[in-house]
Amino acid sequence: TFDALSDEMAIALANEMARTVRRWILIFGDEWVILTWQRALQAAAIEYVRTGVWVKRGVMPQMTGDRPAPGVEWVIIGHAPRVSGRMKWNGGGRPAVWTGLTKEGVVKREHPTQKPLWLMEALVRDFTDPGEVVLDPFAGSGTTGVACKRLGRGFIGWERDPKYHAIAERRIRDAKEQLEIGMAFTKAKQETLL
(Lines give C-alpha, C1' and ligand atoms only; values in the text may rest on other atoms or scores of the structure.)
Protein backbone atom coordinates (compact mmCIF):
# COMPACT_ATOMS: atom_id res chain seq x y z
CA THR A 1 0.00 0.00 0.00
CA PHE A 2 1.06 3.60 -0.41
CA ASP A 3 0.77 4.01 3.36
CA ALA A 4 4.04 2.11 3.68
CA LEU A 5 5.71 3.63 0.61
CA SER A 6 9.47 3.66 0.97
CA ASP A 7 11.88 5.73 -1.11
CA GLU A 8 13.14 2.51 -2.75
CA MET A 9 9.61 1.43 -3.72
CA ALA A 10 8.80 4.87 -5.15
CA ILE A 11 12.01 4.90 -7.19
CA ALA A 12 11.30 1.40 -8.56
CA LEU A 13 7.80 2.51 -9.59
CA ALA A 14 9.13 5.74 -11.10
CA ASN A 15 11.67 3.76 -13.15
CA GLU A 16 8.82 1.68 -14.59
CA MET A 17 6.91 4.89 -15.35
CA ALA A 18 9.95 6.32 -17.15
CA ARG A 19 10.14 3.14 -19.22
CA THR A 20 6.48 3.09 -20.29
CA VAL A 21 5.00 6.61 -20.14
CA ARG A 22 5.22 9.04 -23.05
CA ARG A 23 3.77 12.21 -21.50
CA TRP A 24 2.15 13.00 -18.18
CA ILE A 25 2.31 11.15 -14.88
CA LEU A 26 -0.23 11.96 -12.15
CA ILE A 27 0.04 10.50 -8.66
CA PHE A 28 -2.54 11.09 -5.92
CA GLY A 29 -1.35 11.27 -2.35
CA ASP A 30 -1.39 13.06 0.94
CA GLU A 31 1.15 15.65 2.07
CA TRP A 32 3.43 12.94 3.47
CA VAL A 33 4.32 11.44 0.08
CA ILE A 34 4.94 14.57 -1.97
CA LEU A 35 8.69 14.75 -1.28
CA THR A 36 9.09 10.99 -1.68
CA TRP A 37 7.53 11.15 -5.15
CA GLN A 38 9.47 14.28 -6.15
CA ARG A 39 12.75 12.53 -5.35
CA ALA A 40 11.65 9.28 -7.01
CA LEU A 41 10.57 10.99 -10.24
CA GLN A 42 13.81 12.94 -10.43
CA ALA A 43 15.86 9.79 -9.74
CA ALA A 44 14.13 8.16 -12.75
CA ALA A 45 14.86 11.19 -14.99
CA ILE A 46 11.19 12.14 -14.98
CA GLU A 47 10.60 15.85 -14.80
CA TYR A 48 8.77 16.81 -11.63
CA VAL A 49 6.50 19.63 -12.86
CA ARG A 50 4.54 20.64 -9.76
CA THR A 51 2.05 19.49 -7.20
CA GLY A 52 -1.58 20.25 -7.95
CA VAL A 53 -4.50 19.92 -5.61
CA TRP A 54 -8.01 18.51 -5.59
CA VAL A 55 -10.03 20.68 -3.19
CA LYS A 56 -12.68 18.38 -1.79
CA ARG A 57 -16.14 19.81 -1.22
CA GLY A 58 -18.51 17.71 0.86
CA VAL A 59 -15.69 15.86 2.60
CA MET A 60 -16.51 13.60 5.53
CA PRO A 61 -15.72 15.10 8.94
CA GLN A 62 -12.91 13.70 11.06
CA MET A 63 -14.94 11.17 13.03
CA THR A 64 -12.78 11.33 16.17
CA GLY A 65 -13.30 15.09 16.36
CA ASP A 66 -9.80 15.54 17.78
CA ARG A 67 -8.30 17.12 14.62
CA PRO A 68 -9.36 18.75 11.35
CA ALA A 69 -10.48 16.52 8.47
CA PRO A 70 -8.33 16.67 5.33
CA GLY A 71 -9.96 18.96 2.78
CA VAL A 72 -7.60 18.31 -0.12
CA GLU A 73 -5.76 15.57 -1.93
CA TRP A 74 -2.48 16.34 -3.63
CA VAL A 75 -1.75 15.48 -7.27
CA ILE A 76 1.96 15.08 -7.94
CA ILE A 77 2.50 15.97 -11.60
CA GLY A 78 5.45 14.69 -13.59
CA HIS A 79 6.34 14.55 -17.26
CA ALA A 80 8.17 11.75 -19.04
CA PRO A 81 11.64 12.56 -20.38
CA ARG A 82 11.38 14.74 -23.49
CA VAL A 83 13.55 14.45 -26.54
CA SER A 84 12.75 18.04 -27.50
CA GLY A 85 9.99 20.59 -27.45
CA ARG A 86 7.63 21.89 -24.87
CA MET A 87 5.25 20.00 -22.65
CA LYS A 88 1.62 20.16 -23.74
CA TRP A 89 -1.44 20.16 -21.57
CA ASN A 90 -4.96 21.25 -22.41
CA GLY A 91 -5.51 23.46 -19.37
CA GLY A 92 -3.82 26.53 -20.82
CA GLY A 93 -2.32 28.71 -18.13
CA ARG A 94 -4.82 27.96 -15.38
CA PRO A 95 -3.62 26.59 -12.05
CA ALA A 96 -3.46 22.90 -11.23
CA VAL A 97 -6.45 23.11 -8.89
CA TRP A 98 -9.59 21.02 -9.27
CA THR A 99 -12.48 21.81 -6.91
CA GLY A 100 -15.60 19.73 -6.52
CA LEU A 101 -17.67 17.29 -4.57
CA THR A 102 -16.17 14.08 -3.27
CA LYS A 103 -19.34 12.14 -4.04
CA GLU A 104 -21.59 12.42 -7.08
CA GLY A 105 -25.30 12.09 -6.45
CA VAL A 106 -26.41 8.47 -6.43
CA VAL A 107 -23.08 7.00 -7.56
CA LYS A 108 -22.27 4.14 -5.23
CA ARG A 109 -18.83 4.33 -3.67
CA GLU A 110 -17.29 0.93 -4.39
CA HIS A 111 -13.66 1.48 -3.36
CA PRO A 112 -12.13 3.22 -0.32
CA THR A 113 -10.14 5.71 -2.46
CA GLN A 114 -12.64 6.00 -5.32
CA LYS A 115 -12.35 9.34 -7.12
CA PRO A 116 -15.40 11.14 -8.49
CA LEU A 117 -16.00 10.78 -12.22
CA TRP A 118 -16.04 14.57 -12.77
CA LEU A 119 -12.46 14.75 -11.40
CA MET A 120 -11.09 11.92 -13.50
CA GLU A 121 -12.79 13.32 -16.62
CA ALA A 122 -11.23 16.73 -15.92
CA LEU A 123 -7.77 15.20 -15.54
CA VAL A 124 -8.15 13.05 -18.66
CA ARG A 125 -9.25 16.13 -20.64
CA ASP A 126 -6.46 18.29 -19.24
CA PHE A 127 -3.58 15.86 -19.73
CA THR A 128 -4.50 13.77 -22.80
CA ASP A 129 -5.90 14.14 -26.29
CA PRO A 130 -8.62 12.01 -27.95
CA GLY A 131 -7.22 8.71 -29.16
CA GLU A 132 -4.38 8.59 -26.65
CA VAL A 133 -4.05 5.76 -24.16
CA VAL A 134 -4.17 6.22 -20.39
CA LEU A 135 -2.43 3.73 -18.10
CA ASP A 136 -3.70 3.26 -14.53
CA PRO A 137 -1.68 0.65 -12.64
CA PHE A 138 -3.93 1.07 -9.57
CA ALA A 139 -7.34 0.93 -11.25
CA GLY A 140 -9.39 0.41 -8.09
CA SER A 141 -13.05 0.59 -9.08
CA GLY A 142 -12.26 1.75 -12.62
CA THR A 143 -13.23 5.45 -12.54
CA THR A 144 -10.28 6.43 -14.73
CA GLY A 145 -11.30 3.78 -17.27
CA VAL A 146 -14.89 5.04 -17.28
CA ALA A 147 -13.63 8.60 -17.86
CA CYS A 148 -11.43 7.40 -20.73
CA LYS A 149 -14.29 5.52 -22.43
CA ARG A 150 -16.58 8.55 -22.13
CA LEU A 151 -13.93 10.90 -23.57
CA GLY A 152 -12.61 8.78 -26.44
CA ARG A 153 -9.32 7.68 -24.92
CA GLY A 154 -7.89 4.21 -24.79
CA PHE A 155 -7.41 2.68 -21.38
CA ILE A 156 -5.09 0.10 -19.86
CA GLY A 157 -5.49 -0.62 -16.18
CA TRP A 158 -4.98 -3.32 -13.67
CA GLU A 159 -6.05 -3.98 -10.14
CA ARG A 160 -4.58 -6.70 -7.95
CA ASP A 161 -7.62 -7.19 -5.71
CA PRO A 162 -10.04 -9.55 -7.53
CA LYS A 163 -13.07 -7.89 -5.93
CA TYR A 164 -12.14 -4.42 -7.21
CA HIS A 165 -10.94 -5.81 -10.54
CA ALA A 166 -14.44 -7.23 -11.12
CA ILE A 167 -16.04 -3.91 -10.15
CA ALA A 168 -13.75 -1.99 -12.50
CA GLU A 169 -14.47 -4.40 -15.35
CA ARG A 170 -18.22 -4.01 -14.85
CA ARG A 171 -18.12 -0.20 -14.62
CA ILE A 172 -15.95 0.20 -17.73
CA ARG A 173 -18.08 -2.30 -19.70
CA ASP A 174 -21.25 -0.44 -18.63
CA ALA A 175 -19.76 2.90 -19.71
CA LYS A 176 -18.83 1.45 -23.10
CA GLU A 177 -22.34 -0.02 -23.56
CA GLN A 178 -23.95 3.32 -22.65
CA LEU A 179 -21.84 5.07 -25.26
CA GLU A 180 -22.75 2.49 -27.89
CA ILE A 181 -26.46 2.90 -27.10
CA GLY A 182 -26.10 6.68 -27.32
CA MET A 183 -24.32 6.45 -30.66
CA ALA A 184 -26.97 4.08 -32.05
CA PHE A 185 -29.74 6.44 -30.88
CA THR A 186 -28.00 9.45 -32.47
CA LYS A 187 -27.47 7.55 -35.73
CA ALA A 188 -31.15 6.49 -35.80
CA LYS A 189 -32.26 10.11 -35.21
CA GLN A 190 -30.01 11.32 -38.04
CA GLU A 191 -31.36 8.68 -40.41
CA THR A 192 -34.93 9.70 -39.50
CA LEU A 193 -34.15 13.31 -40.40
CA LEU A 194 -32.84 12.29 -43.82
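Student: Which residues of the largest nonpolar core touch the most other members?

Tutor: The model before us is a predicted one. Its largest nonpolar core has 22 residues, and those touching the most other members are Phe28, Ile77, Trp98, Leu119, Met120, Leu123 and Phe127. Two or more residues of this core come from each of strands E1 (24–29), E2 (47–57) and E3 (72–79), and from each of helices H3 (117–127), H4 (143–151) and H5 (162–193). Helix H3 gives the largest share, seven residues.

Student: What makes such a set a nonpolar core?

Tutor: Its members must be buried residues of the nonpolar kinds listed for a core, joined through side-chain atoms within 4.5 Å. In soluble globular proteins, nonpolar side chains tend to be buried together. Another core, of 16 residues, lies apart from the largest one and includes Leu5, Met17, Leu41 and Ala80.

Student: Which residues are in contact with Trp98, leaving aside its neighbours within four places in sequence?

Tutor: They are Gly52, Val53, Trp54, Val55, Ile77, Trp89, Trp118, Leu119, Ala122, Leu123, Asp126 and Phe127. Contact here requires heavy atoms within 4.5 Å.

Student: Why is the link between Glu16 and Arg19 called a salt bridge?

Tutor: A side-chain nitrogen of Lys or Arg must lie within 4 Å of a carboxyl oxygen of Asp or Glu. For Glu16 and Arg19 the N to O distance is 2.7 Å, so the pair qualifies under the 4 Å limit. The two residues are three apart in helix H1 (residues 7–20), which means that about one helical turn separates them. By this rule the count comes to 11 salt bridges.

Student: What makes the salt bridge of Glu73 and Lys115 a tie between separate parts of the chain?

Tutor: The side chains of Glu73 and Lys115 meet at 3.3 Å, N to O. Glu73 belongs to strand E3 and Lys115 to the loop between strand E4 (97–101) and H3, so the pair ties together parts 42 residues apart in sequence. Both Glu73 and Lys115 are buried.

Student: How do you know that Glu121 and Arg150 form a salt bridge?

Tutor: Their closest N and O atoms are 2.5 Å apart, and this value is within the 4 Å limit. Because Glu121 lies in helix H3 and Arg150 in helix H4, the pair ties together parts 29 residues apart in sequence. Glu121 has a relative accessible area of 11% and is therefore buried, whereas Arg150, with 44%, is partly exposed.

Student: Which residues are linked in a network of salt bridges?

Tutor: Arg23, Lys88, Asp129 and Glu132 are linked in this way.

Student: Why is Arg171 called buried?

Tutor: Buried means under 20% relative accessible area. Arg171 has 14% and is therefore buried. This residue is in helix H5. Leaving aside neighbours within four places in sequence, Arg171 is in contact with Glu110, Gln114, Ser141, Gly142, Thr143 and Val146. In H4, the buried residues include Thr143 and Val146.

Student: How do the residues lining the second largest pocket divide into nonpolar, polar and charged?

Tutor: Eight are nonpolar, one is polar and two are charged. The lining consists of Trp24, Val49, Arg50, Ile77, Met87, Trp89, Gly92, Arg94, Pro95, Ala96 and Phe127. Arg counts as charged and Gly as polar. The volume of this pocket is about 150 Å³.

Student: What is the phi of Ala45, and where is this residue found?

Tutor: Ala45 has a positive phi of about 65 degrees although it is not a glycine. Ala45 is found in the loop between helix H2 (34–43) and E2, and its relative accessibility of 52% means that it counts as exposed.

Student: What makes Gly131 an exposed residue?

Tutor: Gly131 has a relative accessible area of 60% and is therefore exposed, the cut-off being over 50%. Gly131 is found in the loop between H3 and strand E5 (133–136). Not counting residues up to four places away in sequence, Gly131 touches Gly152 and Arg153.

Terms used: Residues are numbered from 1 along each chain as its sequence is written. This is a predicted model: local features need pLDDT of at least 70, side-chain atom pairs count only at pLDDT 80 or more; totals for chains, interfaces and linings use all residues. Side-chain values use heavy atoms; hydrogens and water are left out. Buried means under 20% relative accessible area, exposed over 50%, partly exposed in between (1.4 Å probe, protein chains only). Helices (H or I, at least four residues) and strands (E, at least two) are DSSP runs, numbered from the N terminus. On a 1 Å grid over the protein atoms alone, a cavity is a set of points where a 1.4 Å probe fits but cannot get out, and a pocket is an open set with protein on both sides within 12 Å along at least five of seven lines; lining residues have an atom within 4 Å of a point. Grid points are joined across faces, edges and corners, and a volume is the space filled by probe spheres set on the points.
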